[in-house]
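Trainee: Can we go through the labels on this model one by one? I'd like to see the cut-off behind each of them.

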Amino acid sequence: MDLGTLIERHGFSHYGFAPLETPLSMAIYREWLDSGHHAGMEYLREHERLKENPQQFAPQAKSAIVITRSYADHPYPAPEFPKSLRTALYSRGEDYHLHFRQELNALADELRGHNPGEQFLCFTDSAPILERDLAYRAGLGWFGKNTCLIEPKQGSLFFIGQILTSLNLKPVAAVVPDHCGTCDRCIRACPTGALDVRRLDARKCLSYWNIEAKGVAPEEIRTKNGDWFFGCDICQTVCPWNEKVFGREQMRREAEPPETEAETLVDDLRWLLTASHKEIERKTARSPLSRARPIGLKRNALVVIANRRLQELRPEVQRSLNEPRLKSLAEWTLAQLT
Ligand code: B12
């Protein structure tokens with residue numbers, strides 16, 4: 001059976017093949033690190049050498065089957081929590097690291113059956129690979145000014161996954177040329193000015209601060225975080241390509257805070273501040289939110305409480321003064337509530 005038909009039988013509609021070579025944008029990546037734009041994500045520096053030559057961790061691999069998976073209508077629906085909180089679209093379901101990887105593994109198992117002796121290794125956000133670069137080479141989109149890979153019919157709301165293989169696969173599609181033109185909506189919409197053309201300064205990115213960062217964002221970032229509890233989609237929801245694919249109305253809705261009762265929001269935030277780390281771990285075990293760990297989620301709750309001026313939560317914020325890692329943030333939050 002032809003490879004494309006097999007991939008499609010596994011439910012994947014957007015895929016391509018790319019040679020596994022030094023990424024086209026390796027020099028840009030290196031320059032980005034040298035400018036300190038990776039903020040505290042030191043692992044990105046550690047991966048530099050491996051990203052340049054992927055054969056160092058996958059010696060037999062010659063090419064990649066690259067697959068993108070839309071998360072606009074989340075493919076892996078999750079339990080209700082935390083419906084009232086403003087979270088990035090990709091995180092409103094179960095963790096794609098679990099599900100997408102499993103789907104790729106199922107495809108890889110079948111490929112192994114058809115190609116005995118060949119190697120198939122599956123990754124999504126789980127290996128030192130410049131995934132956008134690989135997907136670009138596979139003809140799955142262009143690098144938008146917001147740095148996201150954008151595809152004319154899919155927009156940018158998708159995950160990227162890949163199967164590295166010892167097969168020598170030739171690209172079937174040409175790279176997609178840049179379609180951003182003179183548009184700079186994403187750059188203008190970012191509340192912290194984290195974007196320049198195709199370059200993101202993670203030191204200013206809300207997603208970095210409320211997902212990846214170990215510490216607390218500087219005050220000028222916190223005040224601009226608004227009520228984003230986890231991640232941020234601003235530079236994607238304003239993109240005309242996402243408006244074109246998903247409709248302007250839906251993108252506007254996604255850009256707004258969730259329509260839940262104020263009471264539910266207060267209850268969810270109260271729970272976050274008072275629950276034990278174990279309880280939070282249990283509730284977020286299969287969610288991308290677990291990436292921020294309980295302490296990070298408590299931190300994010302304090303920032304939202306401050307920015308929404310939720311006076312009702314003053315007692316719970318006061319209790320947070322007892323947690324040394326949150327003490328100064330809790331003091332600042334209390335100051336916002338006066
Ligand atoms: C670190 C990281 C982050 C960091 C830094 C993001 C960033 N832009 O670098 C933070 C925490 C901020 C983050 C946020 C998000 N992330 Co993230 N992240 C990653 C990760 C692990 C590495 C990215 C990386 O290496 N960055 C380094 C910089 C230099 O790369 P870059 O910004 O993409 O820049 C490239 C282009 O600009 C390009 N380029 C610039 N000019 C030119 C010119 C030419 C000619 C060419 C060829 C290339 C080129 O070169 C650069 C290097 O490749 C990848 C997974 C992976 N292994 O790749 C996911 C990944 C990029 N993230 C993803 C997602 C979904 C997100 C969020 C949408 C989540 C959210 N809603 O909060 C946001 C989007 C923010 C944004 N605008 O990027 C997806 C992106 C899918 C897509 N459609 O692009 C990925 C691929 C994960 C996945 N497997 O699906 N992320």
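Predicted model: local features only at pLDDT ≥ 70, side-chain atom pairs only at ≥ 80, totals over all residues.

**Labels and their cut-offs**

Trainee: Why is aspartate 227 called buried?

Mentor: Its relative accessible area is 10%. Buried means under 20%, exposed over 50% and partly exposed in between, with a 1.4 Å probe and protein chains only, so aspartate 227 counts as buried. Residues are numbered from 1 along each chain as its sequence is written, and side-chain values use heavy atoms, leaving out hydrogens and water.

Trainee: What makes aspartate 227 and arginine 86 a salt bridge?

Mentor: Their side chains come to 2.8 Å, N to O. The label asks for a side-chain nitrogen of Lys or Arg within 4 Å of a carboxyl oxygen of Asp or Glu, so this pair qualifies. Aspartate 227 sits in the loop between helix H9 (219-222) and strand E10 (228-230), and arginine 86 in strand E3, so the bridge ties together parts 141 residues apart in sequence. Helices (H or I, at least four residues) and strands (E, at least two) are DSSP runs, numbered from the N terminus.

Trainee: And which label does arginine 86 get, buried or exposed?

Mentor: Buried, as its relative accessible area is 13%.

Trainee: What about glutamate 21 and arginine 137, how do you know that they form a salt bridge?

Mentor: The N to O distance is 2.8 Å. Glutamate 21 is in the loop between strand E1 (14-19) and helix H2 (26-34), arginine 137 in helix H6 (residues 131-137), and 116 residues separate them. Glutamate 21 has 44% relative accessible area, so we say partly exposed, while arginine 137 has 13% and is buried. The structure holds 23 salt bridges.

Trainee: Why does arginine 198 count as partly exposed?

Mentor: Its relative accessibility is 34%, so it gets that label. Arginine 198 also bridges to aspartate 178 at 2.9 Å, N to O. Aspartate 178 is partly exposed too, at 42%.

Trainee: Which other non-glycine residue has a positive phi?

Mentor: Arginine 293, with phi near 60 degrees. It belongs to helix H15 (residues 293-308) and has 43% relative accessibility, so it's partly exposed.

Trainee: What makes glycine 93 buried?

Mentor: Its relative accessibility is 2%. Glycine 93 lies in the loop between strand E3 (86-87) and helix H5 (96-114). Leaving aside residues up to four places away in sequence, glycine 93 touches His74, Tyr76, Pro77, Ala78, Ser287 and Pro288; a contact means heavy atoms within 4.5 Å.

Trainee: How is the chain divided into domains?

Mentor: Into domain 1 (3-165) and domain 2 (261-336), with bounds from an automatic or database domain assignment. Their centres, taken over C-alpha atoms, are 32 Å apart. Still, 12 residues of domain 1 are in contact with 13 residues of domain 2.

Trainee: How many salt bridges count between domain 1 and domain 2?

Mentor: The count is 1. Arginine 286 and glutamate 94 meet in a salt bridge at 3.1 Å, N to O, and that's within the 4 Å limit, so the label holds.
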